[in-house]
Amino acid sequence: MNTLNPQQLAAVKTTDAPLLVLAGAGSGKTSVITEKIAWLIKQGMPARQIAAVTFTNKAAREMKARVGKLLKGDQTRGLRVSTFHSLGLDIIRRESKILGFQGGLSILDEQDKLSILKELISHASVTFDTDLIDRYSWQIGNWKNGGITPKQAASIQPNSDDEQPLAYAATLYEEYSRQLKAYNAVDFDDLIFLPVLLFSEQPEVLERWQNKIRYLLVDEYQDTNQTQYKLIKQIVGKLGKLTVVGDDDQSIYAWRGAQPENLSLLQNDFPRLKVVKLEQNYRSTRRILRVANHLIANNPHPFEKKLWSDLGEGDQLQIVPCKNDIHEAQQIASEIIHHKFKTGGQYHDYAILYRSNHLSRPIEKALRENNIPYHLSGGTSFFGYTEIKDLLAYFRLFINPDDGSAFIRIVNTPKREIGPATLEKLGSYANNRKISLFDACFELGLKEHLSENAVIKLRRFCEMITDVADRLKRGDTLAVLEDFLSEIHYESWVKENSPNDQASARKIANISELIDWIKRLLEEEKGEEAFEKCLSKILLLDILEQNEDETVTDNVRLMTLHAAKGLEFPNVYLMGIEENILPHQNSIEGDQVEEERRLAYVGITRAQRNLTITYCRQRKRYGELELCEASRFLEELPQEDLDWRNKRTKDPEAQKERSKASIAQLKNMLS
DNA sequence: ACGCCACCTATTTTT
DNA sequence: TAGGTGGCGT
């Protein structure tokens, strides 16, 4: 604790009142949370009564590890450090009887949600409209995040004509909820929503949990949505044993339902609230901070704060206007080569950040051409791969045979000659009798609707599932899973269905990676529910990513501004800082420029020593060359801290170039 | 049941 | 422009 500054220390030691820690970028907020947990335990509070919640598994892991370093192993026993979603899942599991869930429950991802909705819509009387399905899905998620039940949603009157589909959305919400119940399944939003509902309907259950969790710490508080905040308030109750850490200037997830105004709401809900500001930044040069402060000062602030640093003045920011996106990419690549050569640094000291994923294409090309190793964060996730989704569907079915989503996904994968016609009949039979697809396969009445042959095939499939599930319960999970894989000849099926050897090799590698993960996870979990627990960790993506230790491999890091939040790099390149990209066109039109400014702020404050901002005069967009102009945010920076390269107003050559481009653009438009 | 072609669309995505 | 998806034809 002697490494803490006075404000950090105050944040740690304030335990007699609810506390809001306004933690600027790079001000050591994780240290405050971890030190505070250690402090509480040293003050005599049992670790099992303390809970810390984060948004990402990565943050939770890091926090756990850091608390572990501050305390002896047995002192942290029972300490809860988890994401909001796994805390929610934990509550649901422990209260599953009251909530009406059978044994193992399934967690559905966004795609499962969509396919259930699609199925429901196709049976509805309204005409199927693919454009609307995303809106319905979004609406339902919105309702859940706003704490609104299907019943309440139905009573909401659409207030204007263009909200006409709302009425059907409420019906769909109701049907969807019933379907989830029948599947013994929850979606991601339910993981927060169901505990909140339960707590508000059953005070005695809430009281039990309030006794379990006597002190709550919340990380990245500005990113909480309405339900998450409600859950916090419920758990904390009147005692107000709460510390939240957040930064309104780094709120960049409002579009996903985050309510940065939850920061201000705290003062109303907890009148005894104390506020501590962490304003010393340990990351960046004074220059970088000054620029960041200057920019963000253009946003309204409910709480004033001013970041400072004593890490030295630092160099000016480089502003590099480029002719087009290709040049921009080449420029950055050669800058990195030169800078690295000059300073003798490592590739992993460099990060290239951009507003949207597609901007990475030209830069990837340039890096490859210059033999610069890079790592791209984001993109298709491991769990997006069909082979992984298929296997996970099997695993879900082992634990929860009622999971209709999983059932439909793999009943005919690999092929078992169970076609859509069979499934359609099975589906309506199950639906009419209000039983699961799985159970329906064993009903005698099914034979009246399906051929004997079809029934035999279905039953054979179900028996296989039951058999594996039984063996899993008896132990040696890994061996059972491996046997199962060879029993269904999954590998040869993958090979047959891959366009080439390369693709099938990738798929098989993915599968063994998944099995490897399960192997590792099983080492931590023992007992009857080990497999179930480890599966839900996988479904909540709570696994170490293979490139978690990026620093080991020496790569330039490429990622979106969103993905960069929480990270820091010695040298940062912000590319595509243009009107309509940052701020994004839709945000300009939707009057959301403030959040875009925060995004720019997040980008700037990632840099420790050097920051280079690039933009283009021309960029290929939707296959056509378009004229671009520098982002308005560049004008909002203190100009004396910027070093412009070939600023175009002073460069006749560039001006000529520019007018040529305008003419080209005009021609384009005319043709 | 699979493969191909044509068409459509293009912001960010912690679980 | 390019990549993903859905529909249709074999």
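**Helix packing and DNA contacts in the predicted model**

The axes of helix 17 (residues 386-399) and helix 25 (residues 530-539) come within 11 Å and cross at roughly 140°. Helix 17 is therefore oblique to helix 25, where angles under 35 degrees count as roughly parallel, over 145 as roughly antiparallel, 65 to 115 as roughly perpendicular and the rest as oblique. Axes are lines fitted to C-alpha atoms, for helices over the stretch in contact, and angles run from 0 to 180 degrees between N-to-C directions. Helices are DSSP runs (H or I, at least four residues), numbered from the N terminus.

The structure is a predicted model, in which local features need pLDDT of at least 70 and side-chain atom pairs count only at pLDDT 80 or more, while totals for chains, interfaces and linings use all residues. Residues are numbered from 1 along each chain as its sequence is written, chains are lettered from A and ligands numbered from 1 in the order in which they are written, and side-chain values use heavy atoms, with hydrogens and water left out.

In the contact between these helices (heavy atoms within 4.5 Å), Leu392, Phe395, Arg396, Phe398 and Ile399 of helix 17 meet Phe531, Glu532, Leu535, Ile538 and Leu539 of helix 25. These residues comprise 8 nonpolar, no polar and 2 charged; Ala, Val, Leu, Ile, Met, Phe, Trp, Tyr, Cys and Pro count as nonpolar, Asp, Glu, Lys and Arg as charged, and the others, Gly among them, as polar.

Helix 15 (residues 325-343) packs against helix 16 (residues 360-369) at an angle of about 45°, with the axes 8 Å apart. Helix 15 and helix 16 are therefore oblique to each other. Asp325, Ala329, Gln330, Ile332 and Ala333 in helix 15 meet Pro362, Ile363, Ala366 and Leu367 in helix 16. This contact consists of 7 nonpolar residues, 1 polar and 1 charged.

DNA strand B has 22 residues around it, of which Tyr253, Arg355, Asn357, Thr560 and Asn586 come nearest; a residue is near a strand if one of its heavy atoms lies within 4 Å of it. The surface near DNA strand B divides into 7 nonpolar, 11 polar and 4 charged residues.

DNA strand C is surrounded by Lys118, Arg361, Tyr622 and Gly623.

Note on methods. Helices (H or I, at least four residues) and strands (E, at least two) are DSSP runs, numbered from the N terminus.
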